[in-house]
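Here are my notes after a pass through this one, in the order I'd talk you through them. Have the viewer open while you read.

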Amino acid sequence: GKSRTEVAIKALNLGADRYFYKFGPPETVYGELAHGIRQAVAQRKAEEALRRSEEKYRTIVELSPDGIVSVNELGIITSVNNAILERTGFSKTDFLGKHFTQITALQKEPPPNFQKVIQAFLAEKFPPKFEFNYTCKDGSQRSGDARIGLLKQKDKLVGLQVIFRDITESKQTIAKIKRQRKIIDYMTEKMGVRIATITKDFQVDWGNTSQELENDAEQKHCYEIFHNRKQICPKCGVKEVFETGKGLVVHQQKLPGSDGQCCWLETYSTPIKENGKTILALELAVDITRRKNMVNSLQESETKLRTLLDTAHVIVQSVDENGNFVLEDIAEGDYSVEARKEGLLARFEGATVRANTDVNVIFELQPETANNRRPEVPEPLFPADNATGVTVPVEFVWSSGDRDGDELIYELEIRNSAN
């Protein structure tokens, strides 16, 4: 007693996929039935493919080493993977169904306004990756970075997906490297040594002289940064290391100094290899200006001394402990040669120098006291030796003299039988 429409509605409400009217020409009825069966099979295959795809997606999400969180358009967390739970120590019930601002792990981190995050994403003003801090269940503080993507269905925004990665260890490693580099910078700069690693195209990969590495250092070459040049240095150890593969290249370079004076650098370049291939050149530069100036001063003094010796009429030479010496490259002529030694009398001897002829000058030096002979021993004249009964006062008389005629002073000491 019910109409066709009522029966169809009831069947569909009870879960039927579609309704077929059995009355009519057989071709029409069976044609609709066959079409319906094909549609039902196709639908079931599509649903099965969707289910498998979803299972595969869930497996990938669960096995991902990165944390993955889904948030709906209201900011409510709808899913988290195992990586999130392992990193934070919380359970799924601590996340699911809660607004992201209520998450315990983020309580110490100021939560961003969810609507502003969405608006920033839609305006393409939100950073693709950002860092943040979070608190684990055990109270420990850790760091992470996150990348956020929009979730859409049929071009309609339905939420966000956050991919999270813990970077605590990497930040600690970076901080340790920075501390070590500061120590290296301090030590080497105090030593007056510049150290840098340089690429094949002369870019500075790292350098200990931070004051020379400006913000745009990545756009400059080593010869621009360190030497204020527009072209490669004439003697470039870095270039030679890459081209020849030498283990060590040493060069000296003369450069204009900041005070207008020239300065000298001695550079040591050596390769840094990976798998047998040179990937960087390590360059060590030492300021040798002071040493170079000292060497030049010594060379100038030596030249002046040689010129003096070549033109002088008097040659002065110190005598060694054996009294032997040799003079060479003496111009022809007549000379007066002097010999001196401590404790001996100085003496001069004449010498005539001729080409291709050896001249021997022999000195016989006397002790400093050789020219000062001892005086004669005094001989008593009166009173006679062992004399007795001599009247007082007594005038003592003796005979003596000095061979060199020097004035002598005598002292007379009188003793009795008691002393």
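1. A cut-off to start with: a residue is buried under 20% relative accessible area, exposed over 50%, and partly exposed in between. By that scale Cys262, with a relative accessible area of 45%, is partly exposed. Keep in mind throughout that this is a predicted model.

2. Now the overall picture. The chain has eight helices and 14 strands. Of its 419 residues, buried ones make up 26%. If you take contacts between residues at least 6 apart in sequence, 33% of them join residues at least 24 apart.

3. Next, the cysteines. How many disulfides does the count come to? With sulfur pairs required to sit within 2.5 Å, the count is zero. Cys222 is in no disulfide, and the nearest cysteine sulfur, on Cys236, is 5.8 Å away. Cys222 counts as buried, at 8% relative accessibility. Cys262 is in no disulfide either: the nearest cysteine sulfur there belongs to Cys263, 7.5 Å away.

4. On to empty space inside the protein. Rolling a probe the size of a water molecule over the atoms shows where such space is left. Here you'll find one cavity of 30 Å³ or more. The largest cavity holds about 110 Å³ of space.

5. Who lines it? The largest cavity has 14 lining residues, and His227, Cys233, Cys236, Gln253 and Glu283 lie nearest its centre. Two elements give two or more residues to that lining, namely helix H6 (222-227) and helix H7 (237-244). H6 gives the most, with four residues. Sorted by class, the lining of the largest cavity has seven nonpolar, four polar and three charged residues.

6. H7 deserves a look of its own. Which of its residues are buried? They are Gly237, Val238, Val241 and Phe242. Looking down the axis of H7, these buried residues fall within an arc of 135°, so they line one face of the helix. As for what covers the buried residues of H7, the list includes strand S6 (193-198), strand S8 (249-256), strand S9 (262-274) and strand S10 (277-287). Just after H7, Gly245 takes a positive phi of about 75°.

7. Let's zoom in on Phe242, which is found in helix H7. Phe242 has a relative accessible area of 17% and is buried, because the limit for that class is 20%. Leaving out residues up to four places away in sequence, Phe242 touches Ile198, Thr199, Lys200, Thr278, Ile279, Leu280 and Ala281. Phe242 and Asp201 are 41 residues apart in sequence, with a C-alpha to C-alpha separation of 9.9 Å.

8. Is Asp145 buried or exposed? At 8% relative accessibility, Asp145 counts as buried. Setting aside residues up to four places away in sequence, Asp145 touches Lys129, Phe130, Glu131, Phe132, Ile163, Phe164, Arg165 and Ile167.

How values were computed: Residues are numbered from 1 along each chain as its sequence is written. This is a predicted model: local features need pLDDT of at least 70, side-chain atom pairs count only at pLDDT 80 or more; totals for chains, interfaces and linings use all residues. Side-chain values use heavy atoms; hydrogens and water are left out. On a 1 Å grid over the protein atoms alone, a cavity is a set of points where a 1.4 Å probe fits but cannot get out, and a pocket is an open set with protein on both sides within 12 Å along at least five of seven lines; lining residues have an atom within 4 Å of a point. Grid points are joined across faces, edges and corners, and a volume is the space filled by probe spheres set on the points. Ala, Val, Leu, Ile, Met, Phe, Trp, Tyr, Cys and Pro count as nonpolar, Asp, Glu, Lys and Arg as charged, and the others, Gly among them, as polar. Buried means under 20% relative accessible area, exposed over 50%, partly exposed in between (1.4 Å probe, protein chains only). The arc is that of the directions from the helix axis to the C-beta atoms. Contact means heavy atoms within 4.5 Å.
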